[in-house]
Structures are given as structure tokens and as C-alpha cells.
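Keep the sequence and the structure in view while reading.

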Amino acid sequence: DLPIAEEAALTLSLSSVPTTRIYDCGVAGLHRILSHLPTLRDPTVGCVIVCAGMDGALPSVVGGLVDVPVVAVPTSVGYGMSL
């Protein structure tokens with residue numbers, strides 16, 4: 001997931017869009033996501049991009065925790081199935 005997340009961050013940076021990176025917040029460790037809620041819910045956040053494995057669970061969880069759009073970016077590794 002990390003290379004895909006970094007590519008998204010680089011693309012945003014080259015477009016002059018400020019980014020904040022939060023790593024290692026998999027859905028299996030919900031406590032890690034919850035510890036970052038103040039950052040995710042900051043009024044300056046306009047969108048959250050979630051790069052996660054193929055199962056798609058993490059973007060759904062984050063979508064339920066924030067009031068801004070969530071962009072889910074699937075990766076070719078992780079739980080779930082490859083089609």
C-alpha cells in the first residue's frame with residue numbers, strides 16, 4: 001500500500017495540494033485509526049484518500065468516521081480477492 005500512497009501524495013504535492021500522511025492504520029487495528037481522528041476531522045481537511053488492500057474495508061470504516069469525501073484507492077495486495 002505504501003508505494004501507491006506515496007504516488008498519490010507526490011501527485012497532490014506536484015499540484016500544490018497540501019497533504020498529511022498517516023501510515024499503518026489498517027482496519028484490523030481500529031485503535032490506530034481512532035488515535036488519528038483529530039487529524040482526519042480537522043476543519044482544513046477537504047478529502048481523505050485511503051490506500052488499502054483489495055478488501056475495501058478500511059475506506060468504509062474511515063468514511064463512517066469523517067464528514068468529508070473519502071477516495072478509496074485499492075491496491076494489488078492485501079486481504080480480499082483479485083479479479
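The largest nonpolar core of this predicted model has 11 residues: C25, I33, L37, L40, V48, V50, A52, L58, V62, L65 and V66. L65 is one of the core residues. Setting aside neighbours within four places in sequence, L65 is in contact with I33, L34, L37 and R41.

The elements just named belong to a longer series. In the protein chain there are four helices and two strands, and their order along the sequence is α-α-α-β-α-β. The chain is as compact as a globular protein of its length, because its radius of gyration is 12 Å, close to the 12 Å that the globule rule gives for 83 residues.

How much of the chain is buried? Buried residues account for 20% of the 83 residues, where buried stands for under 20% relative accessible area. The accessible surface of the chain is about 5,600 Å², and carbon and sulfur atoms hold 61% of that surface. Contacts can also be sorted by separation along the sequence. Of the contacts between residues at least 6 apart in sequence, 40% join residues at least 24 apart.

Next comes the empty space beside the protein atoms. Rolling a probe the size of a water molecule over the atoms shows where such space is left. The largest pocket has a volume of about 1,100 Å³. Which residues lie nearest its centre? They are I22, V48, I49, V50 and C51, out of 40 residues that line the pocket. Five elements each supply at least two residues of the lining: α1 (2-14), α2 (30-34), α3, β1 and α4. V48 and V50, nearest the centre of this pocket, are also members of the largest nonpolar core.

One residue of the backbone deserves a separate look. Most residues other than glycine have a negative phi. S16 has a positive phi of about 65 degrees, although it is not a glycine. S16 sits in the loop between α1 and α2. Is S16 buried or exposed? With a relative accessible area of 66%, S16 is exposed, because exposed begins over 50%.

Terms used
Residues numbered from 1 in each chain as written. Predicted model: local features only at pLDDT ≥ 70, side-chain atom pairs only at ≥ 80, totals over all residues. Heavy atoms only, no water. Rg over C-alpha atoms; globule rule 2.2 N^0.38 Å. Buried < 20%, exposed > 50% of the residue type's maximum accessible area, 1.4 Å probe, protein only. Contact = heavy atoms within 4.5 Å. Areas by Shrake-Rupley, 256 points an atom, 1.4 Å probe, with all protein chains shown as cover. Core = buried A, V, L, I, M, F, W, Y, C linked by side-chain atoms within 4.5 Å. 1 Å grid on protein atoms, 1.4 Å probe; cavity = no way out; pocket = protein on both sides within 12 Å on 5 of 7 lines; lining within 4 Å. Points joined across faces, edges and corners; volume = space filled by probe spheres on them.
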